[in-house]
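Please find below some remarks for a colleague, arranged as numbered points. They are meant to be read with the sequence and the coordinates at hand.

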Amino acid sequence: MDSSGSINPSSTKSGDAAAPVTSPSHLSVSRSQVKRQLERLNRNKAAGPDGVSPRVLKACAEQLCGILQHLFNLSLAQEKVPVLWKTSCLVPVPKKTRPSVNDDYRPVALTSHIMKVLERLLLVHLNKQTRTYQDPLQFAYRHGVGVEDAIIQLLQPTHCHLDKAGSTVRVMFFDFSSAFNTIQPDVLCQKLQKTQVGASTIAWIKDYLTNRPQFVRLKNCTSNQAISNIGAPQGTVLSPFLFTLYTSDFQYKSETCHLQKYSDDSAVVGCIRDGQEAEYRELVERFVAWCGNNHLTLNVNKTKEMILDFRRNRVESNTVSIMGEEVEVVEEYKYLGVHLDNRLDWRKNSEAVYKKGHSRLHFLRTLRSFNVCSKMLQIFYKSVVESVISSAIVCWGSSIRSRDLKRLNSLIKRPVLSWGRLWNHWRR
């Protein structure tokens, strides 16, 4: 058994339960690998359309791992995914915590937890096989890489370039319309053929993405099923990774321009000297053309550009047009949850962090009024309040004004003092 828990491209070890005899080109999983993934399931998740609860799968991992191993190997050998495993139940959820009549809803997809176990096993294998083909400037869904790395990748060359005389920086923030839902399985399979992924696995992925039943459930009402043959199913394990592979063939990085991605959040950064914008504009045009050729729809109305220019005698820059529409130039933009502005000033971000942290302190005070123990209050504070305050703090923590620093510190000191008073009260 592979210690990393990946799929072995051969039959299982003799100590595992009987597995179907497959050719070396087919992948297979071992009993111990399946058992390990079953034991890692979150028992609090809702059951999928198959009605199988993760609580049952986790509690009966020892008894079910052999049966599921046989089913998984059969699916991989036949290059087919059972219809029930790839069925999605879409549940609309309000985007706001306090919904109103006119609020927008986002779909939350419930899928089979049995299928998710197989997806996690396959994901390890795909990650190894495609590592050399992945975009190094794709910061999503990678171990040890996160939002902070993407923001630093944008800010570091920007700061270095603006230190030079006569320099400006233009950043184009692209917005896609339902990027995951526009993936073409045939196009994805053509791209996978250029990697080290085997033909059998590619055929399995194509079957996984096509003929997928979907239905919507709202309270006790259920819609009719619709069959989808495009896009990646929401709420699954493999979909985000398949999207990164779908977009990994367009990469660009030079001394003055680069394209960076975080899932479907893409940004072109152009470091411009003495008004020479040809490379930046050409990169934007090439990326727009590539999106059209790969059936990714850009939302031009939500695509924004930010121009950073600290020169005293600033020259008005010509706007960039995409598909005949001019892209709006903005003074600030919320990128991956962090507020950036064209002066590289963190006041807007500090204000947003303070308001969000302060609003969550209300729940802490409510819990304290119910005489919740001090230890639970600390756990709640660290997970709900402190997580907001410290989000991407390595990017902005050393650059904020002293006034903003004091305000944020007050959010930290306030609950700590409250815990001290409450603890002394209980001790008496």
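1. A residue is taken here as buried when its relative accessible area is under 20%, as exposed when that value is over 50%, and as partly exposed in between. In this predicted model, buried residues account for 45% of the 428 residues in the chain.

2. On the overall make-up, the secondary structure of the chain consists of 13 helices and 14 strands. Among contacts between residues at least 6 apart in sequence, 71% link residues that are at least 24 apart.

3. The pairing of helix 10 (residues 347–369) with helix 11 (residues 374–389) deserves attention, for their axes come within 8 Å and cross at roughly 170 degrees. Since angles over 145 degrees count as roughly antiparallel, helix 10 and helix 11 are therefore roughly antiparallel to each other, and helix 10 passes helix 11 in a right-handed crossing. Helix 10 contributes V353, K356, G357, R360, L361, F363, L364, L367 and R368 to the contact, while helix 11 contributes L377, F380, Y381, V384, V385, S387, V388 and I389. Sorted by class, the residues of this contact are 12 nonpolar, two polar and three charged.

4. V187, L188, K191 and L192 of helix 6 make the contact with L242, L245 and Y246 of helix 8. By class, this contact of helix 6 with helix 8 has six nonpolar residues, no polar residue and one charged residue.

5. Leaving aside residues up to four places away in sequence, A392 touches E148, I151 and V338.

6. A last point concerns the cysteines. With a disulfide taken as a pair of cysteine sulfur atoms within 2.5 Å, the count comes to zero disulfides. C221 counts as exposed because its relative accessibility is 55%, whereas C373, at 37% relative accessibility, counts as partly exposed.

How values were computed:
Residues are numbered from 1 along each chain as its sequence is written. This is a predicted model: local features need pLDDT of at least 70, side-chain atom pairs count only at pLDDT 80 or more; totals for chains, interfaces and linings use all residues. Side-chain values use heavy atoms; hydrogens and water are left out. Axes are lines fitted to C-alpha atoms, for helices over the stretch in contact, and angles run from 0 to 180 degrees between N-to-C directions. Helices (H or I, at least four residues) and strands (E, at least two) are DSSP runs, numbered from the N terminus. Angles under 35 degrees count as roughly parallel, over 145 as roughly antiparallel, 65 to 115 as roughly perpendicular and the rest as oblique. A crossing is left-handed if the near helix is turned anticlockwise from the far one by less than a right angle, and right-handed if clockwise. Contact means heavy atoms within 4.5 Å. Ala, Val, Leu, Ile, Met, Phe, Trp, Tyr, Cys and Pro count as nonpolar, Asp, Glu, Lys and Arg as charged, and the others, Gly among them, as polar. Buried means under 20% relative accessible area, exposed over 50%, partly exposed in between (1.4 Å probe, protein chains only).
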